[in-house]
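Thanks, everyone. I have one model to go through today, and I will keep it short. Please have a look at it first.

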Amino acid sequence: MNYLSAENISKSFGDQTLFEGITFGLARGDKTAIIARNGTGKTTLLRILAGQESTDTGEYTFRNGIRVAFLEQAPDLDASLTIDELILTANTPILTVIQHYEEVLRRNTEQHSAETEKLLEEANSEMDHLHAWDYERRLKQLLDLFRITDTSQRISSLSGGEKKRLALALVLLDEPEVLILDEPTNHLDIDMIEWLEQYLSQTNLTLLMVTHDRYFLDRICNRIIELSMGKLFQYQGNYEYFLEKRAEREENRQVEAHRAGQLMKQELEWLRRMPKARTGKSKSRIDAFQGIKEKANQVKVEAELRLQVKSPRLGGKILELEGVGKKYGSVSILNDFSYKFAKGDRLGMIGRNGTGKTTFLNIITGLEKSDTGEIDKGATVSMGYYQQMGPQWKEEQRVIDAVKEIAEVVALEDGRTISASQFLEHFMFSPESQYKMISKLSGGELRRLHLLTVLIKNPNFLILDEPTNDLDLFALNKLEDFLLSFKGCLIIVSHDRYFLDKLTEHIFVFEGEGKIKDHYGSYSAYRRQKELVKKPEKKSPKPQQALSGAKAEKTKLTFKEKQEYDKLEPEIEALEDEKSDLEAELNTPNLDYESLNQKSIRVAQLIELIDEKMQRWLELGQYI
């Protein structure tokens, strides 16, 4: 029996139909993701199933007794309360049961009777069922895990990431059997995402979520639901399987639409020639024409984020940092840090929230001053800084007017120019949406608007601080396509591991207390190296074992290792060639979405393979 059954659910807002007549179910242990473009109703569907919104038609039911929990994308927590007060007033199943048990216990103590004894027995059973006896211990354990230590502080003083972690801790504390998550990785750092990923993949709870994190999707989900043009398509498999099957479905749809288009032309010709006196047969043919017309119109041309703006060339000196230090009181953010940027640097930055990533960006862009050290920026450097919080917009201004304030026309790499309106279309703002008030834009639209206002200034040194939040998977792929062709220096701060692997070549790891580790290679390679370091070292052999013939320290390669070493260099070269070819193909115009996805996934795989083989080549090379 399904944990959830949803039948013929429809929802509209004004003239826009989000989805119509969709039916699906969730069985125990299903881990399902909903994939759709922003604005097509995926969050609305989650809110309906969580009881936060109503349907226009249709119904859904959860199996009796199933505990359901919902984590919103931006949790609405009472800012006037402290964390302790919020926990005590949270309307969760466990707290309700605990409060009921305490009330029944009080009544049984004050006025003992057979009735109160029976009620107490039932309350005990409920406490057992929800594992509520050790609630306080589990609460402390989860809060510690999510790095929430001071529970006396007010909600209003918490950052976005702290609010998300607190809400997530409270959701998991209830040990729900069905968990509904809306963008759970937003505002979490990578360590926390990887903990959550491991937790969700190992538990047997039923999961329904919306997320843009592709590694998260691929490693957790066994089922994908796609919302497209108001309809629902289901895929039994992970994200990679979804991409493959969706490509097949889209290809078939295009073929059917093309055939319908040819048939529609024939039917139109017949309708024009048809005499006024209509028989029953001709009337049914006219009715069928409407179905043909709908199918023919399914070929949808989508706006693409595919352009390369003209940027000034970088000179010999780009950006040099020498002995840079920064403190806030006794807290060290940067400690004697030095680095010299080179042409084409593609750098990722990771680390727990609060370790100084944004401060570092603010220092190199001149928004903050360092306490010590020198920062020397080249004369040809033109920086573009995409900040996490975004600019303060004039909310009653139209989108097109906000862009025109910066530039009426945009110069492209190939010498052409395009208008501000055409530039907006490249960023998936339709001509109609360009005249929307900024106050009416969604989170994803605001991020795209912020990004294009950075790029319209033609930077050759681009800095992106958490650019993936609130973007759907389709917009993310377009952004990656643009950044792969960007020829200047690139710095990315992101919790999206797939995004980092695809676009960066080495990583700054902010370890806290002013320490920054520079790792050359992808994020995945850094993670593997870190896991190897974590493994417990083998105990040194006892003196007797050393004397009785323990293996001597390795001084040279075996014959097989020498053969392996000789093969590695040409293998790495071949992989590098394949990666270069794919990156060139990704930069070609008119590449369809499915090919873009497949090639992008292969590039990420190649980066990982190259890192692995390079690590092995270096390991063997020390004995040559």
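In which loop is R67 found? R67 sits between strand 4, residues 57-62, and strand 5, residues 68-71. Keep in mind that this is a predicted model.

Is R67 buried or exposed? Its relative accessibility is 13%, and because the cut-off for buried is under 20%, R67 counts as buried. A polar atom of the R67 side chain lies 2.8 Å from the backbone oxygen of E175. Setting aside neighbours within four places in sequence, R67 contacts H129, L130, D174, E175, P176, E177 and V178.

E175 leads us to the next element. This residue comes just after helix 6 and has a positive phi of about 45°. Helix 6 itself covers residues 160-173, 14 residues in total. From first C-alpha to last it reaches 20 Å, close to the 20 Å expected at 1.5 Å a residue.

Why is helix 6 described as largely enclosed by the rest of the structure? Because eleven of its 14 residues are buried. Among them are G161, K164 and R165, and the run from L166 to L173 is buried as well. The buried residues of helix 6 pack against strand 5, strand 6 (178-182) and several helices, including helix 3 (93-110) and helix 7 (190-202).

Last, the cavities. There are two of 30 Å³ or more.

Methods. Residues are numbered from 1 along each chain as its sequence is written. This is a predicted model: local features need pLDDT of at least 70, side-chain atom pairs count only at pLDDT 80 or more; totals for chains, interfaces and linings use all residues. Side-chain values use heavy atoms; hydrogens and water are left out. Helices (H or I, at least four residues) and strands (E, at least two) are DSSP runs, numbered from the N terminus. Buried means under 20% relative accessible area, exposed over 50%, partly exposed in between (1.4 Å probe, protein chains only). A polar contact is a pair of N or O atoms within 3.5 Å; within protein, one must be able to donate a hydrogen and the other to accept it, and residues adjacent in sequence count only if both atoms are side-chain atoms. Contact means heavy atoms within 4.5 Å. On a 1 Å grid over the protein atoms alone, a cavity is a set of points where a 1.4 Å probe fits but cannot get out, and a pocket is an open set with protein on both sides within 12 Å along at least five of seven lines; lining residues have an atom within 4 Å of a point. Grid points are joined across faces, edges and corners, and a volume is the space filled by probe spheres set on the points. The expected span of a helix is 1.5 Å times one less than its number of residues.
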